[in-house]
Amino acid sequence: MEKLVAKYVWEWPVRIVHWVNFLSILTLSVTGIYIGWAKTLAHDPSQYVMGWMRFVHFVAGYAFTISVISRICWAFVGNEYANWRTFVPWAFKDGRKNMKETFLFYVFARPRPPHAVGHNAMAGAAYLWVFLLYLVMICTGFALYAQYAPGSLLSRAFGWVYIFGSSQGLRLTHHCVMWLLLAFAIHHVYSAWLMDVKEKDGCMSSIFGGWKSVHEEE
Amino acid sequence: MAKIVIDPVTRIEGHLRIEAEVSGSSVADAWSSSTMFRGIERILQGRDPRDAWYFTQRLCGVCTTVHSIASIRSVENALGIRIPPNAELIRNLIMGIQNVQDHVIHFYHLHALDWVDITSALKADPARTAELAASLSDWPLNSPTYFKGVQAKLSAFVSRGRLGPFANAYWGHPAYKLPPEANLMATAHYLEALEWQKDVIRIHAILGSKNPHPQTFLVGGMAIAVDPDSQTALNANKLEEIRLLLGKAREFVEKVYIPDLLAVASFYKEWAGIGGGVGNYLCYGEFPADNSGKPEVLWIPRGIILNRDLSRLHPVEQDKITEYVDHSWYEGKPGTALHPWDGETDYKYTGPKPPYEYLNTDEKYSWVKAPRYADLPMEVGPLARCLVAYASGHKEVKPVVDLVLSKLQVGPEALFSTLGRTAARGIETLVIAQKLPQWLDALVANIKGGDLSIHNNEKWDPDTWPAEAKGFGWHEAPRGSLGHWIRIKDQKIANYQAVVPSTWLASPRDAKGQRGPYEAALQGTPLADPKRPLEILRTVHSFDPCLACAVHLLDPTGNETVKVV
Amino acid sequence: MDKKDNEQAAVAEERQMRKTVWEEKGISRRDFMKFCTAMSAALALPVTFAPKIARALDEVQRPTLVWLEFQDCAGNTEALLRSSSPSVAEIILDVLSLDYHETIMAAAGHQAEDALMKTVREQKGKYIAVVEGSIPLKDDGIYCCVGGKSARDLAREVCGNAFATIAVGTCAAYGGIPAAAPNPTGAVGVKDAVPGATVINLPGCPLNPDNLTATVIHFLTFGKLPATDSQGRPLFAYGKRIHDNCERRPHFDAGQYVEQWGDMAHRRGHCLYKMGCKGPETWHNCPIQRYNDKTSWPVGAGHGCVGCSEANFWDTMTPFYKRLPNVPGFGIEYTADQIGAGLAIATAAAFAGHGVISALRRNKDTEGKKEE
């Protein structure tokens with residue numbers, strides 16, 4: 001029989017990054033939706049509704065950027081579960097097998113997911129794409145933001161983004177990717193819940209404390 | 001027979017080429033060709049119909065309002081939108097001042113140099129010029145000192161040996177007949193008009209944000225808010241500024257333009273017998289008195305005159321308008337003319353490879369199509385409008401026409417000519433300049449009554465539209481009858497077609513070989529010196545050519561492929 | 001008597017010639033200085049530069065300018081005729097020797113072409129070419145011919161031999177409306193049609209004539225062409241976004257928006273952001289420089305900016321009355337956000353479905369185990 005043992009999987013930087021991402025994405029989405037779908041909330045010009053929305057959006061944007069960069073760094077110094085290899089499972093033999101089995105589990109073709117302690121292989125691959133979307137958001141966001149100060153360090157740092165499209169094209173991308181990330185968030189919470197109930201691995205609580213229940217194969 | 005080519009025809013908008021066969025000392029036959037193509041109708045397909053006006057406005061930068069007006073009217077017609085009275089009046093003001101300004105520019109800056117020899121003005125006596133000017137009107141600038149100043153300016157310009165835009169013209173041509181004093185007066189007014197036009201057109205800036213290409217048009221109304229208690233909206237201050245500018249416009253027309261026109265015309269009366277053209281005249285009518293959309297409320301009436309018969313006025317039916325492409329660089333069934341809603345054409349250049357000497361005028365030779373009304377070529381423009389109004393006994397137009405005819409001591413038949421076209425433009429300018437303050441008064445009265453509405457929002461949201469709709473928008477542009485035809489499908493433009501004044505006028509031959517108005521009018525034009533065909537320019541310029549908008553393309557299906565030569 | 005008058009006039013003229021080109025042209029010193037001050041403002045220079053500009057203009061020999069029109073609507077020519085600073089029309093006509101301009105020149109046909117070719121020949125490398133309208137490259141350039149020559153060949157000859165070319169309006173700068181999708185004639189701007197030419201882009205639909213004058217004056221004053229951004233536009237005119245100079249900006253920051261044409265917010269001059277204004281993505285000095293003697297400008301009058309000074313604005317800034325472009329592949333009635341929200345909801349629904357199946361399956365699994 002299998003035995004469940006507690007294992008420290010998510011180190012504190014991973015957990016902080018996770019929650020900073022959660023809060024900043026939430027804030028960025030709420031303020032971003034207002035910026036895109038402005039509503040007249042002010043009654044006189046002395047109010048500063050859009051001004052504050054944008055301010056909060058930009059601050060959250062910086063927080064998010066720092067968080068994402070930290071996580072990328074941690075992928076090279078953190079434990080095996082945080083390592084960059086988790087995010088490119090297809091590059092390793094085990095990973096490929098794990099991916100296939102997880103996929104079969106998700107489509108109900110296999111009763112149990114394969115053994116995984118950190119991210120399962122499918123999740124790891126998905127996070128790579130999510131991080132790419134994060135980078136798209138960061139680059140389009142800062143490229144658009146930098147327009148307020150042409151010639152500044154910021155605008156020079158992100159000027160290259162405009163080779164991919166006009167400012168309207170970037171803005172459209174910024175909107176669409178937000179919805180993709182929100183769709184991902186739904187998927188993310190569901191999958192974690194699924195693992196939690198299926199595997200009873202404490203997936204949901206692990207992101208708070210870092211400890212997961214792991215099947216120890218006999 | 002010798003064939004002469006004028007390309008580019010200058011002092012017009014766009015790219016016009018005239019080829020003419022000369023027999024003896026007059027033009028035996030002529031071909032009018034436009035040598036530029038952009039394909040704006042194709043570009044419009046699949047776009048938001050509410051955006052169309054901004055695109056079509058770029059058909060022409062000279063008559064810079066007209067294609068926006070026709071476009072928003074076509075969408076409003078397709079969707080059944082009635083615009084608020086304020087918007088109707090604002091549009092009347094914009095259209096009216098456009099006519100006035102455009103006609104004055106045409107007369108002084110595009111047409112006058114065909115009649116006025118600027119170099120001869122150097123020989124004029126300023127004192128006698130002032131006498132001449134004073135005998136024509138009480139314009140305050142009619143002093144010897146003033147004309148002396150203009151002459152000094154001119155001679156300084158000439159003495160530096162760099163004539164700039166006045167270089168290489170037909171100066172000293174025997175067909176120039178004005179005495180030096182009249183030339184000096186006209187030159188002075190050429191310069192004055194340059195200042196005047198940019199001032200009066202500020203009305204477009206006030207109501208439309210800028211000129212050229214005003215930007216406050218909207219499907220369903222106008223985007224200039226009206227509110228006497230707002231800094232930013234149209235308030236008393238701005239209305240008063242418009243009133244002052246309207247006064248300035250009217251004064252110049254009454255005291256400078258019309259007297260100059262009559263004075264110049266009196267030296268060129270033989271041109272009342274030259275350049276008649278096709279003899280059929282079409283006018284869609286313009287300046288609605290209310291927002292009912294009915295033709296009866298148009299201040300300039302709608303109608304057709306056939307064969308120069310002023311005793312009969314025919315109604316205009318939109319389904320009788322068709323276009324031929326037999327001599328135009330488009331594919332299409334030979335001998336078949338199609339209605340703008342139903343046409344099927346594809347552009348295909350078959351002309352000579354540039355650089356070329358002559359076009360093959362037996363085959364296709366222009367980017368302009370050949371529109372016909374009930375299979376007849378039609379002249380449109382100020383002359384057509386004047387004639388239709390005259391024939392209908394219009395209470396404001398008829399007296400002015402009669403006055404001009406009596407001053408020049410000619411009968412109404414003189415109107416069917418190059419001179420008549422140029423005179424009609426002046427007549428119309430005067431009548432509109434006098435009418436404009438009434439529309440401003442009506443607007444003020446409306447605002448005073450508490451009506452601040454400028455836009456009908458009911459059909460703004462595309463979700464309120466039917467799945468399919470079609471409509472047409474007509475407008476009397478400075479150069480003549482302009483029509484836009486639109487088909488809307490699934491909230492997008494399925495097809496767009498403009499039949500514009502210069503398409504009517506610069507039209508090449510149709511399937512039956514009937515000449516277009518330019519071509520017909522040029523036949524028989526005398527030429528004193530075929531190497532310097534000044535007379536051809538006179539007749540062509542009397543139509544006020546504006547070619548960019550004449551060239552366009554139709555594609556009703558929206559899915560045919562571009563065929564490349 | 002007449003003769004004597006004429007002689008006196010000649011003497012007076014001689015005296016005038018010794019003053020300045022300006023006074024000779026009948027432009028008063030005051031008007032002239034006013035113009036120079038306006039120009040230093042247009043160039044975003046301190047007012048103290050006005051005397052420097054005045055000096056430059058006094059000393060200059062009229063540089064030759066030829067104005068070519070290709071796939072155009074003459075809107076920029078008309079804009080030139082409406083130039084707002086005092087007597088700027090004369091300044092353009094007089095300071096510069098405008099040797100070729102189809103819309104206003106007296107000569108026509110061969111004589112007109114001769115004037116152009118003479119300039120190209122005799123002043124090679126010295127004259128300034130102004131181009132209005134795009135240049136069609138498809139099918140050997142047959143879609144625009146002047147005097148039997150294609151626009152492309154003419155542009156290569158005239159712009160290729162010019163000291164510099166100023167592309168006026170968005171068509172000449174970037175292809176403009178003829179280049180809008182599907183670009184039926186293969187239209188491009190001057191820079192693409194004449195590789196290697198020195199081109200200053202002054203986009204706008206049409207351009208603000210003050211910016212053209214200012215560019216020329218900049219050249220005459222400083223002896224070099226103005227600094228430009230990555231799209232070849234002078235920084236003095238295109239260095240900042242409309243949004244950042246807009247008089248309605250306080251309402252944007254406050255959160256006060258026009259929701260319907262003619263509503264209270266529209267009448268009070270609130271922000272046009274929701275009506276599709278493209279001020280936030282458009283680089284142009286309209287709010288400062290304005291049009292027609294500084295009378296007004298689009299956003300000031302009540303209609304949103306459409307981004308006319310941006311390359312490809314006909315495709316990237318449309319639909320004009322929506323904040324964002326349409327998402328490719330979807331109908332125009334859908335906004336990016338509707339599509340995105342739909343996607344998010346669909347994802348939620350899909351996972352809810354997965355969850356239900358998963359839950360059912362778990363029950364089955366446990367049932368099976370019991371049986372065992």
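Why are Glu101(A) and Lys97(A) separated by about one helical turn? The two are four residues apart in helix 3 (residues 93-106) of chain A, so about one helical turn separates them. A salt bridge here is a side-chain nitrogen of Lys or Arg within 4 Å of a carboxyl oxygen of Asp or Glu.

This is a predicted model, in which local features need pLDDT of at least 70 and side-chain atom pairs count only at pLDDT 80 or more, while totals for chains, interfaces and linings use all residues. Residues are numbered from 1 along each chain as its sequence is written, chains are lettered from A and ligands numbered from 1 in the order in which they are written, and side-chain values use heavy atoms, with hydrogens and water left out.

- Chain A has seven helices and two strands. Helices (H or I, at least four residues) and strands (E, at least two) are DSSP runs, numbered from the N terminus.
- The order of elements from the N terminus is β-α-α-α-α-α-α-α-β.
- Along the principal axes, the C-alpha atoms of chain A fill a box of roughly 70 × 40 × 30 Å.
- Over all chains, the whole structure holds 49 salt bridges.

**Interface of chain B and chain C**

- Chain B puts 102 residues into the contact, and chain C puts in 101 residues. Contact means heavy atoms within 4.5 Å.
- The buried area is about 8400 Å², with 56% from carbon and sulfur atoms. Buried area is the accessible area (1.4 Å probe) that two parts lose on being put together, summed over both.
- Three salt bridges cross this interface. One of them joins Arg267(C) to Asp227(B), with the closest N and O atoms 3.3 Å apart.
- There are 24 residue pairs in polar contact, both residues at pLDDT 80 or more. A polar contact is a pair of N or O atoms within 3.5 Å; within protein, one must be able to donate a hydrogen and the other to accept it, and residues adjacent in sequence count only if both atoms are side-chain atoms.
- Elements of chain B that each supply at least two residues to the side touching chain C include strand 1 (2-6), helix 4 (85-111) and helix 7 (180-200).
- Helix 6 of chain B gives the most to that side, with six residues.

**Interface of chain C and chain A**

- Here 42 residues of chain C meet 43 residues of chain A.
- About 3700 Å² is buried, and carbon and sulfur atoms give 59% of this.
- One salt bridge is found across the interface. Arg171(A) pairs with Glu281(C), the closest N and O atoms being 2.0 Å apart.
- Helix 14 (249-254) and helix 19 (336-371) of chain C each supply at least two residues of the side that touches chain A. Helix 19 gives the most, with 16 residues.

**Largest cavity**

- The volume of the largest cavity is about 790 Å³. On a 1 Å grid over the protein atoms alone, a cavity is a set of points where a 1.4 Å probe fits but cannot get out; lining residues have an atom within 4 Å of a point. Grid points are joined across faces, edges and corners, and a volume is the space filled by probe spheres set on the points.
- The lining has 36 residues, and Ile35(A), His57(A), Phe58(A), Gly141(A) and His174(A) lie nearest the centre.
- Helix 1 (12-36), helix 2 (49-77), helix 4 (121-145) and helix 6 (167-199) of chain A each supply at least two lining residues.

Technical notes. On a 1 Å grid over the protein atoms alone, a cavity is a set of points where a 1.4 Å probe fits but cannot get out, and a pocket is an open set with protein on both sides within 12 Å along at least five of seven lines; lining residues have an atom within 4 Å of a point.
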